[in-house]
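Here is a friendly walk through one structure, written for someone who likes to know which cut-offs sit behind each word. Please have the viewer open as you read.

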Amino acid sequence: MLTCKKNELYSETAHHGAMLRFGNGVNKIICTPAEWVGIIAYLLSIAVVGHVVLRRMNNTGAFATPLVTTMTALYIAAAILGLVAFIISRGTPHHARKIENNLARIGFTNAAGEVPILLQSYWHRTESGRTVQVLEFLACGLAKSVWENKQVEIAAALNVQVARIEECDGKRRIRLYVVPADNGLPDRLDWHDDLMNHEYPVCKVILGESLLEPVVVDFNVIPHMLVGGGTGSGKTVLLRCILMQLLRKSGVEVVIADLKGGADFSSVWRNHPHCKMIFDRAELAEYLDKLVEELNRRKEIIAQTDGCCNIYDYNNRCALYLDRIFFAVDEVAEILDKTGLDKAEKEQVARIERSLSTIARLGRAFGIHLLLATQRPDANILSGQIKNNIAYRVCGRADNVLSMIILDNTDAANQIPSDARGRFINGDGTVFQGYWFNESILED
Ligand SMILES: Nc1ncnc2c1ncn2[C@@H]1O[C@H](COP(=O)(O)OP(=O)(O)OP(=O)(O)O)[C@@H](O)[C@H]1O
């Protein structure tokens, strides 16, 4: 770009930024009585100095009248400029220059080389009682997706953790919700029963907390969920936390398939009256066939009920309540991987896959939900048809490949520290710490 054009753009942006900061300054002064003192002091000192100097000039008669008039005009102009500069300074956040320079250092600029202008910085109290800082920038043409792609670098440059990136004022401004880098999510968040959501419908569960708020999933809206993460990332604990909440609601049946023999699910789960465990592939194929039959049965019942098109309407209107059924698998590769299987077993896997596909496609309306977890970075394990019908996906600590498979981006690899346990990121980029809980809750 030509230097003169660049300079023109710089001065246009700088002018725009100054106008916005002037507006902020005016608002701040109007809304903050303490700021009035500064303005009044400034105006008084200008009036007193002007009065004294001009009077002395007149008294001495040393200057001709036109010169006095010119000097007076210049003095008033300087006073107004001073006032504008004072207002702009009041509307400029502390450390604005430092923050903008830090962004420039990592090359976070638009095509003309302009750095976003920091317009406002204020504190915000979140739903969970945490205080976070909001940095509001004039985006200078840098779209939200560009900020998201550079999130890790921006966080390092500003020495913060970014909790959320949000557009405002159309797409002209970007808000960063940040906390100091050493004050992020805790390594462990203990579950307590006040978190339990007893609201109707039964489908809301809480997964954990982000820097801003609790992370909640409503299975009435998002029917199925996929949890990914490397070994030891906390998938089983997250899955168990979800299932624990579901089992403590009425009208819910949980079925867990674990071909590893159920080592991760103690007797508390096996003995629960509404929890069924499946440890064998043949039994699983048969069970899923029956689940698809149940889905078809529900389809007919609901279709025959006037004005109902899904389980939510049906349960609201009819005395004969249909339970929600949650089918969970701790390692989906265990049940879908055909490697090393004989012909009969491969046929069983194909049956399982067909059933899962049908449930993934149609389960929502009929109250049959899938909760699938995997650690295997193998794109072929989960067919596109199943994966594409699972709208809510979270991923724990993972490499680029697994993160791509689960989230279709590398956010988990970039944003979840390699030693994190129970830390996840969802599809919209929210990082959260899952709850840690004691399984004995289920015995109550
Ligand atoms: N929410 C959490 N808070 C704190 N620590 C956790 C949390 N979740 C898991 N951990 C820790 O991580 C360990 C591994 O958790 P988990 O068994 O759920 O991992 P995983 O991803 O299922 O592993 P694998 O794939 O090997 O089964 C737990 O024993 C616990 O020490």
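## Around the ligand

The largest share of the shell around the ligand comes from α7, which gives three residues. In this predicted model, local features need pLDDT of at least 70 and side-chain atom pairs count only at pLDDT 80 or more, while totals for chains, interfaces and linings use all residues. Residues are numbered from 1 along each chain, as its sequence is written. Helices (H or I, at least four residues) and strands (E, at least two) are DSSP runs, numbered from the N terminus.

How many residues surround the ligand? There are 14, and the closest are Thr231, Gly234, Thr236, Val237 and Gly422; a residue is near a molecule if its C-beta atom, placed from the backbone, lies within 6 Å of it. The elements giving two or more residues to this shell are α7 (235-247) and β15 (431-436). By class, the shell around the ligand has two nonpolar, nine polar and three charged residues. Here Ala, Val, Leu, Ile, Met, Phe, Trp, Tyr, Cys and Pro count as nonpolar, Asp, Glu, Lys and Arg as charged, and the others, Gly among them, as polar.

## A four-stranded sheet

Strands of a sheet pair through backbone hydrogen bonds, either parallel or antiparallel. In this model, four strands make an open sheet with the order β1-β2-β4-β3 and antiparallel pairing; two strands pair if DSSP finds at least two bridges between them. β1 (117-125) and β3 (160-168) are at the edges with a single partner strand each, so one side of each has no neighbour in the sheet. On average, neighbouring strands of this sheet are turned by 25 degrees against each other, direction ignored.

β2 (residues 131-138) and β4 (residues 173-180) pair in the antiparallel sense over six bridges, and Val134 stands opposite Tyr177 in β4. Helix α1 (residues 3-31) packs on the sheet, where α1 touches β1 and β2, and its direction makes about 35 degrees with that of β1. On the other pairing of β4, β3 and β4 are joined antiparallel over eight bridges, with Glu166 opposite Arg175 in β4. β3 and β4 form a hairpin with four residues between them, and Asp169 in the turn has a positive phi of about 50 degrees.

## Helix against helix

Two packed helices are described by the angle between their axes and the distance between the axes. Axes are lines fitted to C-alpha atoms, for helices over the stretch in contact, and angles run from 0 to 180 degrees between N-to-C directions. The axes of α1 and α3 (residues 65-90) come within 7 Å and cross at roughly 80 degrees, so α1 and α3 are roughly perpendicular to each other. Angles under 35 degrees count as roughly parallel, over 145 as roughly antiparallel, 65 to 115 as roughly perpendicular and the rest as oblique. The α1 side of this contact includes Phe22 and Ile29, and the α3 side includes Val84 and Ile87; residues are in contact if their C-beta atoms, placed from the backbone, lie within 7 Å.

α4 (residues 96-105) and α6 (residues 151-158) pack at about 135 degrees, with axes 9 Å apart, and are therefore oblique to each other. Ile99, Asn102, Leu103 and Arg105 in α4 meet Ile154, Ala157 and Leu158 in α6. That contact of α4 with α6 has five nonpolar residues, one polar and one charged.

The axes of α9 (residues 281-304) and α12 (residues 343-366) come within 9 Å and cross at roughly 30 degrees, which makes α9 roughly parallel to α12. Residues in this contact include Leu284, Leu288 and Leu295 in α9, and Ile352, Ile359 and Phe366 in α12. By class, the contact of α9 with α12 has 13 nonpolar, four polar and six charged residues.

Conventions
Two residues are in contact if their C-beta atoms, placed from the backbone, lie within 7 Å.
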